[in-house]
Each structure stands twice: as C-alpha cells, then as structure tokens.
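Student: Could you walk me through reading a ligand site, one feature at a time?
Tutor: Happy to; let's look at the model together.

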Amino acid sequence: MTPLSNIVDGVATPGQGQRVTYNPSNLDEVVGCYTQGGAEDVAAAVDAAQRALPSWSTASPQIRHDLLLRVGARLLAEREEIGRLLSREEGKTLAEGLAEVSRAGQIFQFFAGECLRPGGQLLPSVRPSVDIEITREPVGVIGLITPWNFPIAIPAWKLAPALAWGNCVVIKPADIVPGCVHALVRILHEEGCPPGVVNLVMGRGSEVGQALVDHPAVSAISFTGSEGVGRRLIAACGAGLKRVQAEMGGKNPMVVLDDADLDVAVPACINAAFFSTGQRCTAASRFIVTRGIYDAFVARMKADLSRQFVGNALDPATTIGPVASSSQLQSDLDYIALAREEGAAVWGGELLDRPDRGYYLFPALFLDARNTMRVAREEIFGPCAAVIIADDFDHALTLANDTEFGLSAGICTTSLKAASAFRKSVKAGMVMVNLPTAGVDYHVPFGGRNASSFGSREQGRHAAEFYSQIKTSYVFCG
Ligand SMILES: NC(=O)C1=CN([C@@H]2O[C@H](COP(=O)(O)OP(=O)(O)OC[C@H]3O[C@@H](n4cnc5c(N)ncnc54)[C@H](OP(=O)(O)O)[C@@H]3O)[C@@H](O)[C@H]2O)C=CC1
Ligand SMILES: O=C(O)CCC(=O)C(=O)O
C-alpha cells in the first residue's frame, strides 16, 4: 500500500516510515496508510511557512475569505465520504461522523466571515492632538497539535481562525487518525491555498509534536489532548517564550435535582456520558443526584442504557460506537476494575462479542460512588460514569466544584431558581441547563478553567485573542 504523504510547501513529501490505520469497529479492515515524519520534516515545513508568511499575512481579506468559504463548501459537499472515513478511522457512529464534518464546514464558513470584520479601534489619547489606533496583526508561524477524538472538527477550529488572521501553520494530527486532516489539507490546496501557508506533518507526538514545540521559529502552539502532555508542553512553550493554548481534560459533573424531569434528564445524561463512546473532553463522567430522585434516576438510566446498541460505527442501528484504540480500551477496563476495588457497585462495563472484531465496550455506571474515589476524580475518557448521591442542591454544587478540572457542567432541574444559582456558582467554563455537558456550538467561546484549559478561548470571535496580536499606535496629528 503506497502511503499518503505529508504536504509541505504545497507538495506531497514522503517521510521516513509509514503507519497503517485499522478500523476500531473491525480490526481486520485497514483504513489507510500514511507516511511518518520526523524533526527534519518539521524543519522543512516551518521553513516553508516562514517563506509564505510575508505574502499571506498581507493578503487581501477578500482572498482569505474566499478560500475559507470554498473550503467550507467542499467539506459540506464531501460530508458523506469524509464522514465515513472519520467513522472508520476513529469509531464514532456514522451520524456523529457526518455531523462532525458538517461542523468543520460551518467553522470554515464562520471564519470566512470573520476575515472581513473590522477588528481595530480608534481612541483619543490623554494628550492633545494624539490619536491612538489599536490593530490586530498575525502571530506568525503557528504549530497545531490535534487529538484523535475529533479528527476534523478540532483541526478545523484551529486551522480556520489561524488562516483568517493571516498566520501560516504546520499541523500535526493524532497518529491514529490522520486521514481527515490529510483530506482537509488536500482540499485547502485544491481550493487555492498558496504553497507553504498550511503544512501537514504526520507522525508521533514525541517526535513531530515535540519538534514543533522546540522549533525557535514557531511563535505559538495550539494543543488539544491529555493533561499530562499539555502541562509539559505549556512549560516548554513558556521557556521558549511561545504563545500557547492548551485544551485538556475534564471530569464534568451533571447534577440531577429531585425536581428534574427524568424524560429530559436521562436522555441528556446518556448523551453527555456515553455518546461518542464517552471520548469527549466535555463528556459528563460524574452524575451527582439528590437523594429523593436517586433510585428512580438509576432505574431509568439502566432501562434506557439497556436499549442502546453498541456496535459497528457504520451500522445504522448503532448508537454507541467502539472505543477508538486498544490502549484506550485497556485504560477503560482498568478504571472499571478500579471502581470495584474502590467500593462502587459496577453496572454494565462488559466487553461485547460482535460479528466484527472491534473494541466493543458496554457503558458502565459506577453506582454509590464517592467524589473522593479516583474514578470520580481522574479523566477516564471512555463510556463510564460515577453516580454520586447528594443531600441537596448546596451539597450537589459543592461536589460538582470539588475537582481539579473545570471544563463543562450541567444541571437537570425544573426550578429556574436552582438553574440560575448553579449557572452563577459552578466553577466551569461552560454550563448547560437541561442539556448534555457535551456537544457545543461552533460560533461561541469554548474552553474551561483550572486543569482543563490554559490560555485564551478557542472558537467564535474570541479565537482572535490567540491567533492575532495587538499593536497600539500613537499618532501625533497636530
Ligand atoms: N481534551 C481532549 O479533548 C482529549 C483528551 N485526551 C486524554 O488523553 C488521554 C490519552 O490520549 P492520547 O491520545 O494519548 O493524548 P495525547 O495528549 O498523548 O495526544 C494529543 C496530541 O498530542 C500529541 N503529543 C503526544 N506527545 C507529545 C509531545 N511530547 N509533544 C507534542 N505533542 C505530543 C499526540 O500525538 P500522537 O498521538 O500522534 O502521538 C496527539 O497529536 C485520553 O485517555 C484522554 O484522557 C485525549 C484526546 C483528546
Ligand atoms: O463537546 C463538544 O462538542 C466538543 C468536545 C471536544 O472538543 C473534545 O472532546 O475535545
């Protein structure tokens, strides 16, 4: 099988080795074969980006707008083909794969609009006859390091604002799912992206990702992934005086109060914790349920979960796809064993036999869990949720805030007063009322607090904070 190449300076460029990807729904099926780059490919890509920067950073906003709009339209037109590739490579259901490609297309269209929106400000000075002008300029060459759980939406929400603000980029997708980013970078070039503006180097994080972080000509790094890698990368960027944005994990709570409508709360909790196989940084992994509704909530969760079908991502009957990789599956199984050791009553969590050889894991509830347990404190990133009893609203809020993370948080209640109090007091970057903690809009700020996020927000108009830098000019006009 001939591997798909890196794309450097607009040209397909072979690397040193190759990686074959397999379908987590069916391990006997090869999905793709990709070249593996190394530090020298990163150096060539950064060189190309530096050469492209003077003309791209000064290009008419109309040119950037038109490119992003065309790319958005192509993604929407090719949604079926790319969505199937995404589902075969990552394992999310086809419906989720298709929705993710649409989201990527819409993100490009949103940022096409941003290219033409004036971003400056004219202010009077405290001195007479002096005007002050605040303008935004590109940051330079930006390294984008993306994870496996959103193989096209996350690359899109980093690439589109980077280009809109006139930067050049080198992107490194997660090694187990490079197919969608390869397709996206190919489309960018087919739609007229000038050589060197977007460069793709595939390969391992410890080599390609590290080389990007270490390269002195890379001015900024935008990363999404684990807390461990994120923390190391933030330290390295700080030492190299690079701008950095890191989107890391979550241990997101979903509070269910006595007055909740279970017809709303249970579907929201199932979606939040188990759709996309629980592999979302915004996934709910703690259900904090007040005493009066606990038994009814658990009974209804078990009944509704029993109707979910865990199967091949392309099977229309499937509501929950396989776990994405063998290492993630092993980690999930280790946490399920740990939940038992820590004294929770585990419901579900079985490996499933299916005609296809895949990583099929039934959702797990860790009943009667306590918030002090490791399974209630550490990000699992699989179809597992701890169910914790709370005495009342105040206790539930205290438990919800007792975490090192702070990405998203949800509450299910029919009380406007309780919902408002929760929105104001919960320590999270995003709050949902009677909605799943996961599944966000593409045109508003995304991000969290504490160990969940570092640096400025992603997405929406707030993305400008990271992808542009401010210049303040003083003009004597007397
Ligand atoms: N917040 C989120 O959305 C995500 C959180 N996670 C969490 O992380 C856990 C492990 O997933 P995993 O894929 O290993 O996450 P990682 O943090 O290892 O991977 C995220 C990205 O960083 C790259 N990377 C890895 N090491 C380095 C490095 N030293 N320097 C620069 N880049 C690097 C990876 O490359 P490569 O994979 O190619 O080696 C990948 O592109 C999950 O179980 C989950 O808890 C994972 C994904 C997304
Ligand atoms: O919940 C979402 O829509 C986005 C989640 C996400 O960005 C992530 O899991 O990395």
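Student: Which pocket is the space taken by ligand 2?
Tutor: On a 1 Å grid over the protein atoms alone, a pocket is an open set of points with protein on both sides within 12 Å along at least five of seven lines. Here ligand 2 takes up the second largest pocket. Keep in mind that this is a predicted model, where local features need pLDDT of at least 70, side-chain atom pairs count only at pLDDT 80 or more, and totals for chains, interfaces and linings use all residues. Residues are numbered from 1 along each chain as its sequence is written, chains are lettered from A and ligands numbered from 1 in the order in which they are written, and side-chain values use heavy atoms, with hydrogens and water left out.

Student: Which polar side-chain or backbone atoms lie by an oxygen atom of ligand 2?
Tutor: A polar contact is a pair of N or O atoms within 3.5 Å. A polar side-chain atom of R103 is 2.7 Å from a ligand 2 oxygen, and an N or O atom in the side chain of N149 is 2.9 Å from one. V440 uses a polar backbone atom, 3.0 Å from an oxygen of ligand 2. The protein covers 99% of the 290 Å² of accessible area (Shrake-Rupley method, 1.4 Å probe) that ligand 2 has on its own.

Student: Why does ligand 2 lie between domain 1 and domain 2?
Tutor: Domain bounds come from an automatic or database domain assignment. Domain 1 (6–248 + 443–476) and domain 2 (252–433) both give residues to the shell around ligand 2, so ligand 2 lies between them. Their C-alpha centres are 31 Å apart.

Conventions: A polar contact is a pair of N or O atoms within 3.5 Å; within protein, one must be able to donate a hydrogen and the other to accept it, and residues adjacent in sequence count only if both atoms are side-chain atoms. On a 1 Å grid over the protein atoms alone, a cavity is a set of points where a 1.4 Å probe fits but cannot get out, and a pocket is an open set with protein on both sides within 12 Å along at least five of seven lines; lining residues have an atom within 4 Å of a point. A molecule sits in a cavity or pocket if more than half of its atoms lie within 2 Å of its grid points.
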